[in-house]
Amino acid sequence: MLLSLVVHTYSLRYWFPATFMLGTAPAYVLSWGVWRLLSTVLPARLYHKLDDRLYCIYQSMVLFFFENYTGVEIVIYGDIPKNKENVMYLSNHQCTADWIIADMLAIRQGALGHVRYVLKDGLKWLPLYGWYFSQHGGIFVKRSAKFNEKAMRRKVISQTRCGAPMYLVIFPEGTRYNPELPNVIAASQTFAEKEGLSVLKHTLTPRVKASHLAVDIMKDSLDAVYDVTVAYEGTLDDSGHRKPAPSMAEFLCKECPRIHLHFDRVDIKGIPLEPGLFRRWMHNRFEIKDRMLTDFYESEDPDKKCRFPGEGRISPLNLSKSLPSAIILGGLTLPMLLTENGRKLYVRTWVYGTLLGWLWVNISP
């Protein structure tokens, strides 16, 4: 009986925020749909401006749960620019919560609405979210030999031409680093050896096709590349070995006490565009990440263990930046659930929105 109560209480830690985030999606999509219809006769730049604002509202609500609700401490090493910029965000990839980290940095710069992701192709099938990410400027890509350069080029060019501000998030490793999947790590290290590149221990060998294509197309509009290295505290077992980073559910269950973010701004003028040189530049950046992560997880020096080089500053998220969005979306959703017609509209939005979304992401260029 007591064990069942403990398990039930523990599950509520993530079921409540997960239900709220998923439950407000139909109201959000309907609000966006109304704006999309009204904006058909307006300039594309105006549509994107309000779309970014709507996106900021939803993602701020998400951050209310992932930051304020969980109480996680964000420790930042490096100086985040105060002004918004057009950037490409590069980071190591460890878990499903990594995309939230990009949002955490963007909101501190006032650029949350400008975030657009390069995502693996399978995520386009997520109900409602898949096609919305796509219309917001997200790019779905297949890995390695299946990478569709023409499709990505069309998407990036269309976003650039319409003048949409860009905070493009890319995880160059292509898949998550998981210490419990040694075969994936070994394959990545074998690939590095074959290509004459240094072998990495705490990251996978970065792939460069998507990153290089994005930089090459946006070179005249990008200001910088944000090179971000992420480490989740609490991912060492009792014997000192690295454990997998927390999943989104574990994160919402408050199993991650602190996140360490090393931030390095690289001016776009300092990035080589020639493919071979860009590949070397990218690998050099991941060598730096790997050295920092090796010290973070393995160093016997207490001044290096579980921290990054430089001064780390705790950066709390003010409730005024996240709670109002949760209240707005909750206020839009609740009336739909209180009436029979509202509930029917709610269900139809999930069903038809999902079906139309799947069709849209598969026929859109």
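This is a predicted model: local features need pLDDT of at least 70, side-chain atom pairs count only at pLDDT 80 or more; totals for chains, interfaces and linings use all residues.
View 1. For the protein chain as a whole, the average pLDDT is 88, and 93% of the residues score at least 70.

**View 2. The largest nonpolar core is built from 62 residues.** Within this core, Tyr167, Tyr232 and Ile259 are the residues with the most contacts, while helix H3, which covers residues 44-69, supplies the largest share of the core with twelve residues. In soluble globular proteins, nonpolar side chains tend to be buried together. When neighbours within four places in sequence are left aside, the contacts of Ile259 include Val72, Glu73, Ile74 and Val75, together with Ile101 and Met104, and also Val230, Ala231, Tyr232 and Phe251. Apart from this core lies another one, of 28 residues, and among its members are Phe147, Ile217, Val225 and Phe278.

**View 3. Helix H4, residues 98-108, is largely enclosed by the rest of the structure.** This description of H4 holds because ten of its eleven residues are buried, and the buried residues of H4 are Asp98, Ile100, Ile101, Ala102, Asp103, Met104, Leu105, Ala106, Ile107 and Arg108. Just after H4 comes Gly110, whose phi is positive, at about 70°.

**View 4. Val115 lies in strand S3, which spans residues 115-120.** With a relative accessibility of 0%, Val115 counts as buried. Not counting residues up to four places away in sequence, Val115 touches Asp103 and Ala106, as well as Tyr55, His136, Tyr167 and Val169. Asp103 and Ala106 are themselves among the buried residues of H4, and Tyr167 is one of the residues with the most contacts inside the largest nonpolar core. Tyr89 and Val115 are 26 residues apart in sequence, and their C-alpha atoms are 9.4 Å apart in space.

**View 5. Helix H8 (residues 209-218) and helix H10 (residues 275-298) cross at roughly 120°.** Two packed helices are described by the angle between their axes and the distance between the axes. Here the axes of H8 and H10 come within 11 Å, and the crossing by which H8 passes H10 is right-handed. On the H8 side the contact is made by Ser211, His212 and Val215, and on the H10 side by Pro275, Phe278 and Met282. Sorted by kind, the residues of this contact are four nonpolar, two polar and no charged.

**View 6. Leu197 is placed in the loop between helix H7 (182-194) and H8.** Although this residue belongs to a loop, Leu197 is buried, with a relative accessible area of 10%. Residues up to four places away in sequence are not counted here, and those that Leu197 touches are Ala192, Thr205, Arg279, Arg280 and His283. Asn148 stands 49 residues from Leu197 along the chain, and a separation of 25 Å lies between the C-alpha atoms of these two residues.

**View 7. The loop between H10 and strand S8 (312-314) holds Cys306, and Arg307 is also placed between H10 and S8.** Cys306 is partly exposed, with a relative accessible area of 28%, and its phi is near 55°, a positive value in a residue other than glycine. Arg307 is likewise partly exposed, with a relative accessible area of 28%. With neighbours within four places in sequence left aside, Arg307 is in contact with Tyr77, His260, Phe296 and Gly312. The distance from Arg307 to Ile76, C-alpha to C-alpha, is 10 Å in space, whereas in sequence these residues are 231 residues apart.

**View 8. Lys254 lies in the loop between helix H9 (248-252) and strand S7 (258-267).** The phi of Lys254 is near 65°, which is a positive value in a residue other than glycine. At 39% relative accessibility, Lys254 counts as partly exposed.

Note on methods: Residues are numbered from 1 along each chain as its sequence is written. Side-chain values use heavy atoms; hydrogens and water are left out. Axes are lines fitted to C-alpha atoms, for helices over the stretch in contact, and angles run from 0 to 180 degrees between N-to-C directions. Helices (H or I, at least four residues) and strands (E, at least two) are DSSP runs, numbered from the N terminus. A crossing is left-handed if the near helix is turned anticlockwise from the far one by less than a right angle, and right-handed if clockwise. Contact means heavy atoms within 4.5 Å. Ala, Val, Leu, Ile, Met, Phe, Trp, Tyr, Cys and Pro count as nonpolar, Asp, Glu, Lys and Arg as charged, and the others, Gly among them, as polar. pLDDT is the predictor's confidence in each residue, from 0 to 100. A nonpolar core is a set of buried Ala, Val, Leu, Ile, Met, Phe, Trp, Tyr and Cys residues joined through side-chain atoms within 4.5 Å. Buried means under 20% relative accessible area, exposed over 50%, partly exposed in between (1.4 Å probe, protein chains only).
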